[in-house]
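Please work through the exercises below with the sequence and the model at hand. Each task is followed by a stepwise solution.

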Amino acid sequence: MATEEKYDQETINSKLMIDHDYDGIKELDNPPPPWLMLIFYGTIIWSVFYLFYYHVFDGPTQEDEYNTEMAEAKANMPKNVFDENNIVLLSDAASLAEGEKLFASKACDACHGATNIGPNLTDEYWIHGNKVGEVFKVIKYGVAEKGMTPFKGQMTDKQIQQVTSYILVKMKGAATANTKGPQGDKYE
Ligand code: HEC
């Protein structure tokens with residue numbers, strides 16, 4: 001078993017003492033611990049790479065990185081896949097059933113059915129046209145000055161598409177409590 005050497009201050013000094021003497025002033029050879037030296041030299045080496053990468057070869061700045069990340073995030077955002085210019089009519093049963101539910105739950109039937117506040121949506125007469133995009137637009141943006149609520153804050157575009165399809169596919173010619181006479185122009 002190795003016996004631990006015990007040094008008193010004098011022995012330590014005699015072992016570490018550097019062999020020179022300036023007018024009685026002596027110096028101990030007492031280097032910092034290796035881990036500290038490793039960090040010290042490590043940072044110097046690191047700084048050389050850093051300097052060349054960012055300042056000589058024009059590596060991306062924080063601002064560049066920010067812009068790249070923002071662009072990526074923007075590209076990954078769910079896109080509004082359609083608007084009134086390219087919306088298509090849905091005809092599958094599930095979408096039409098969803099549209100029917102929305103027509104009741106968003107109280108469309110309160111004005112377009114139960115009362116005569118809004119125009120009859122079952123006849124062939126339309127104030128704003130009967131194309132999918134035209135109907136979609138009226139529901140999405142409303143006709144504020146005539147009392148038609150904009151629904152863009154209350155329904156997603158998908159939902160507006162469903163209710164639009166329900167109106168154009170299912171309500172056409174259907175009986176309704178709305179007895180309001182024809183309004184607008186006749187569309188076949
Ligand atoms: C507060 C009453 C009110 C509610 C609720 C309402 N509407 Fe209307 N809507 C109107 C009025 C009034 C008009 C007529 C606007 C005009 O004269 O330009 C209209 C117009 C429309 C038109 C155009 C009709 C045409 O002849 O061009 C559509 C389509 C329509 N509404 C669908 C809906 C749908 C779908 C909902 C439910 C999501 C809804 N509305 C809820 C009052 C209402």
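The model is predicted: local features need pLDDT of at least 70, side-chain atom pairs count only at pLDDT 80 or more, and totals for chains, interfaces and linings use all residues. Residues are numbered from 1 along each chain as its sequence is written, and side-chain values use heavy atoms, with hydrogens and water left out.

**Exercise 1.** Determine which residues coordinate the iron atom of the ligand.

Solution. Step 1: search for donors, which are N, O and S atoms within 2.8 Å of the metal (3.2 Å for Na, K and Ca). H112, through NE2, and M148, through SD, coordinate the iron atom at 1.9 to 2.1 Å.
Step 1: locate the pair. H112 belongs to helix α5 (residues 108–114), while M148 lies in the loop between α6 (132–141) and α7 (157–171), 36 residues apart. Helices are DSSP runs (H or I, at least four residues), numbered from the N terminus.
Step 2: assign the geometry. The angles among the six donor atoms are 87 to 178 degrees, and the site is octahedral; for six donors this requires opposite donors over 155 degrees apart and all others between 65 and 115.

**Exercise 2.** Is H112 buried or exposed?

Solution. Buried means under 20% relative accessible area, exposed over 50%, partly exposed in between (1.4 Å probe, protein chains only). H112 has 15% relative accessibility and therefore counts as buried. M148, at 17%, is also buried.

**Exercise 3.** State where the C-alpha centres of the two domains lie relative to one another.

Solution. The domain assignment, automatic or from a database, gives domain 1 (9–73) and domain 2 (93–186). Their C-alpha centres are 73 Å apart.

**Exercise 4.** Classify F57 as buried or exposed.

Solution. F57 sits in the loop between α2 (34–56) and α3 (62–76). Its relative accessibility is 62%, so F57 counts as exposed.

Technical notes
Four donors count as tetrahedral if all angles lie between 85 and 135 degrees; four count as square planar and six as octahedral if opposite donors are over 155 degrees apart and all others between 65 and 115; anything else is irregular. Helices (H or I, at least four residues) and strands (E, at least two) are DSSP runs, numbered from the N terminus.
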